[in-house]
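Please have the sequence and the coordinates open.

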Amino acid sequence: AQLVESGGGLVQPGGSLSVSCAASGSIFTLNAVGWYRQAPGKQRELIAVITSSGITNYADSVKGRFTIYRDNAKNTVYLQMNNLKLEDTAVYYCRAGRGATLSILIGSWGQGTQVTVSS
């Protein structure tokens with residue numbers, strides 16, 4: 001299943017941005033979906049997950065600032081990012097998988113969407 005990320009851009013520190021992850025099929029219906037990010041020179045990290053039943057899980061670095069939610073009718077998962085910090089600058093990717101920690105990934109990586117936080 002192909003996942004397509006969109007919605008990235010340039011935002012000032014303290015600002016907000018929302019990114020979207022759209023699926024070509026019904027891959028989201030039965031699986032968890034997570035958002036990853038990769039900053040220059042760093043490893044890709046999992047920052048937010050939403051299970052098929054709506055349970056959410058966040059990395060400490062984004063907890064309280066980011067919200068993941070899904071619209072199964074639109075086969076889309078969103079990541080609302082508030083109070084953005086310089087260190088949130090990264091390419092953001094989404095993946096489907098199993099469980100609240102995406103222990104088994106499904107499909108492949110998309111092209112990602114760039115989020116740049118800068119004054």
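Buried means under 20% relative accessible area, exposed means over 50%, and partly exposed covers the range in between. The model is predicted. Three aromatic pairs are counted here. Tyr-36, Tyr-93 and Trp-109 form one aromatic cluster.

**Tyr-36 and Trp-109**
- The ring centres of Tyr-36 and Trp-109 are 4.9 Å apart.
- Their planes meet at 85°, so the pair is edge-to-face; the cut-off for that class is over 60 degrees.

- Tyr-36 has a relative accessible area of 9%, so Tyr-36 is buried.
- Trp-109 has 34% relative accessibility, so Trp-109 counts as partly exposed.

**Tyr-93 and Trp-109**
- Tyr-93 also pairs with Trp-109, with ring centres 5.8 Å apart.
- The planes are at 75°, so this pair is edge-to-face too.
- Tyr-93 sits in strand β9 (residues 90–98), 16 residues from Trp-109.
- Tyr-93 is at 11% relative accessibility and therefore counts as buried.

**Charges over the Trp-109 ring**
- Arg-44 lies over the face of Trp-109, at 4.1 Å from the ring centre.
- Arg-95 also lies over the face of Trp-109, at 4.6 Å from the ring centre.

Conventions
Residues are numbered from 1 along each chain as its sequence is written. This is a predicted model: local features need pLDDT of at least 70, side-chain atom pairs count only at pLDDT 80 or more; totals for chains, interfaces and linings use all residues. Side-chain values use heavy atoms; hydrogens and water are left out. Rings of Phe, Tyr and Trp (its six-membered ring) pair if their centres lie within 6.5 Å; planes under 30 degrees apart count as stacked, over 60 as edge-to-face and the rest as tilted. Buried means under 20% relative accessible area, exposed over 50%, partly exposed in between (1.4 Å probe, protein chains only). Helices (H or I, at least four residues) and strands (E, at least two) are DSSP runs, numbered from the N terminus. A charge sits over a ring if NZ of Lys or CZ of Arg is within 6 Å of the ring centre and within 35 degrees of the ring normal.
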